[in-house]
Amino acid sequence: SQPLTGHQAAELQSKVVPSKQILHSDNMEMEPETMETKSVTDYFSKLHMGSLVYSCTSKRKNK
Amino acid sequence: RMEASCLELALEGERLCKAGDCRAGVSFFEAAVQVGTEDLRTLSAIYSQLGNAYFYLHEYAKALEYHHHDLTLARTIGDLLGEAKASGNLGNTLKVLGNFEEAIVCCQRHLDISRELNDKVGEARALYNLGNVYHSKGKNVASAGTHDPGDLPDDVKNALQKAANYYEENLAIVTELGDRAAQGRAFGNLGNTHYLLGNFRSAVLAHEQRLLIAKEFGDRSAERRAYSNLGNAYIFLGEFETASEYYKRTLQLARQLKDRAVEAQACYSLGNTFTLLQDYEKAIDYHLKHLVIAQELHDKIGEGRACWSLGNAYTALGNHDQAIHFAERHLEISREVGDRSGELTARLNLSDLHMVLGLSYSTNNSMMSESHVVENSLNGTRPRVGRRHSMENMELMKLTPEKVQNWN
């Protein structure tokens, strides 16, 4: 049902911007979202295990 | 050779995502999950990063799944900060998926925990996210109808007002923290919220601040966004010349940044602005540029819009052959993409145009002869083309809100 989906998508879009009212396109430019980040290294450095991470990293680099 | 450990795989995933290759990063994180670990904090960090990677790849169902795993895990191990972060990420993802009510609950949880932990940075970020959810919610409801900025039902207005309040609260904290980048983001979205609320002067003030900060950072994408948003606001203030100057800067930067889609958008905005300035030659020039890029990007909707706009501009100039050509193309494309209202508009335009041409061909010396129409339009008088004429006036009125005080 690929064509149907495409058709529906187009129809949805045309509902959002009816072609009768397109003189201004209302294309607002939003700022990006901010996501919260976690990292496995943050956790290890907190546990004072930075050396372990270091050895992992250097081992990989030497491969 | 030894099998790679879960940790090693996760570290490689982190490195790849930081380098901007989320797709490859995902493979390593998923491999890490396959290998597995007893360490639930490590697993939580992997889930969180998988969620974010999928978010940036626009695979939101997957993002939702992993942020949900992360939240469950954070709660299980009693990691409050981890729970706050997972809630925030889940909230952002739910927002993109259009599930605003649950998104609000999650972002509120992020906010509550941050306050409990006296984490000012987290609190500010949660406030920004909440602002974004309410903004999206308001915009979503508004776009279901056919409202212009400032002309809104109460529930939309309430949501947007809440968004503005959250952005203001966020601004107070990030200003205190001296975080200029965060201030820039808040000003940008606050400006857009004021724009939708119809507070166009406030929108301009916020976007001017955004522009200033973008220049401070040499962030040309943010600078381009600010120009474009300033252009939009000045259109609704009825200051079309100023709007055209901002759109021209948008276009310049879009070209420098080699972003064809944004370039097309800028050309379209400029075409519309010169239509409002009744400089139809320039309007046609920009709409043609827009058309070329829309075709290049296989953007059928954009192509349809370009044809519609070109048909109107050529009609205004009295060039009925070109007007008919583009109205026919508009009809074809509207049918192709299933845009029924576009199809109807195109049919009406075509029948008007055929009527004008038919009359001018049959009665050479009549009032409606083509030369007369052209002469009229050269004198600055709009040619009378029945329905289209009245419809265009309607468009112009829609574009010019009653709130405009200094409307000449």
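# Questions and answers on chains A and B

Visitor: Is B:H298 buried or exposed, by its relative accessible area?
Guide: In this predicted model, B:H298 has a relative accessible area of 70%. Since the threshold for an exposed residue is a value over 50%, B:H298 is classed as exposed.

Visitor: Where does B:H298 lie, in terms of the helices of chain B?
Guide: The backbone at B:H298 has a positive phi of about 55°, although B:H298 is not a glycine. Most residues other than glycine have a negative phi. As for its place in the chain, B:H298 belongs to the loop between helix 14 (280-296) and helix 15 of chain B.

Visitor: What is the value of phi near which B:H58 is found?
Guide: B:H58 sits in the loop between helix 3 (40-56) and helix 4 of chain B. With a relative accessible area of 56%, B:H58 is exposed. Its phi is positive, in a residue other than glycine, and lies near 65°.

Visitor: How are helix 4 of chain B and helix 5 of chain B oriented to each other, roughly parallel or roughly antiparallel?
Guide: Helix 4, which covers residues 60-76 of chain B, packs on helix 5, residues 80-96 of chain B, with the axes 9 Å apart and at an angle of about 160°. Angles over 145 degrees fall in one named class, and helix 4 of chain B and helix 5 of chain B are therefore roughly antiparallel.

Visitor: How many charged residues are there in the contact of helix 4 of chain B with helix 5 of chain B?
Guide: The crossing of helix 4 of chain B and helix 5 of chain B is left-handed. Helix 4 of chain B contributes residues including B:Y60, B:L64, B:H67, B:D70 and B:R75, while the residues from helix 5 of chain B include B:E83, B:A86, B:N89, B:L90 and B:V96. By class, the contact of helix 4 of chain B with helix 5 of chain B has nine nonpolar and six polar residues, and the number of charged residues is three.

Visitor: At roughly what angle do the axes of helix 15 of chain B and helix 16 of chain B cross?
Guide: Helix 15 of chain B spans residues 300-317 and helix 16 of chain B spans residues 320-337, and their axes come within 8 Å and cross at roughly 155°. That makes helix 15 of chain B roughly antiparallel to helix 16 of chain B. The crossing is left-handed, and the angle asked for is roughly 155°.

Visitor: How many residues of the contact of helix 15 of chain B with helix 16 of chain B are nonpolar?
Guide: Among the residues of helix 15 of chain B that meet helix 16 of chain B are B:K300, B:C307, B:W308, B:L310 and B:Y314, and on the side of helix 16 of chain B they include B:A323, B:F326, B:R329, B:I333 and B:E336. The contact of helix 15 of chain B with helix 16 of chain B has six polar and four charged residues, and its nonpolar residues number eight.

Visitor: Does B:E123 count as buried or exposed?
Guide: B:E123 lies in helix 7 of chain B, which runs over residues 120-144. Leaving aside its neighbours within four places in sequence, B:E123 is in contact with B:L111, B:S114, B:R115 and B:I173. The cut-off for burial is under 20% relative accessible area, so at 10% relative accessibility B:E123 counts as buried.

Visitor: Which residues does B:A4 touch, not counting residues up to four places away in sequence?
Guide: B:A4 is found in the segment before helix 1 (6-18) of chain B. At 23% relative accessibility, B:A4 counts as partly exposed. Not counting residues up to four places away in sequence, the residues that B:A4 touches are B:L9 and B:V35.

Visitor: By what distance are the C-alpha atoms of B:D154 and B:G138 separated?
Guide: B:D154 lies in helix 8 of chain B, residues 154-177, and with a relative accessible area of 57% B:D154 is exposed. B:D154 and B:G138 are 16 residues apart along the chain, and their C-alpha atoms are separated by 10.0 Å.

Visitor: What percentage of the residues of chain B count as buried?
Guide: The secondary structure of chain B comes to 19 helices and zero strands. Chain B exposes about 18,400 Å², with carbon and sulfur atoms supplying 51% of that area. Of the 408 residues of chain B, the share that counts as buried is 54%.

Visitor: What pattern does chain A follow when read along the sequence?
Guide: Of the 63 residues of chain A, 37% count as buried. Chain A has three helices and zero strands, and read along the sequence its pattern is α-α-α.

Conventions:
Residues numbered from 1 in each chain as written. Chains lettered and ligands numbered in written order. Predicted model: local features only at pLDDT ≥ 70, side-chain atom pairs only at ≥ 80, totals over all residues. Heavy atoms only, no water. Axes fitted to C-alpha atoms, helices over the stretch in contact; angles between N-to-C directions. Helix = DSSP H or I, 4+ residues; strand = E, 2+ residues; numbered from the N terminus. Parallel < 35°, antiparallel > 145°, perpendicular 65-115°, else oblique. Left-handed = near helix turned anticlockwise from the far one by under 90°. Contact = heavy atoms within 4.5 Å. Nonpolar A, V, L, I, M, F, W, Y, C, P; charged D, E, K, R; others polar. Buried < 20%, exposed > 50% of the residue type's maximum accessible area, 1.4 Å probe, protein only. Areas by Shrake-Rupley, 256 points an atom, 1.4 Å probe, with all protein chains shown as cover.
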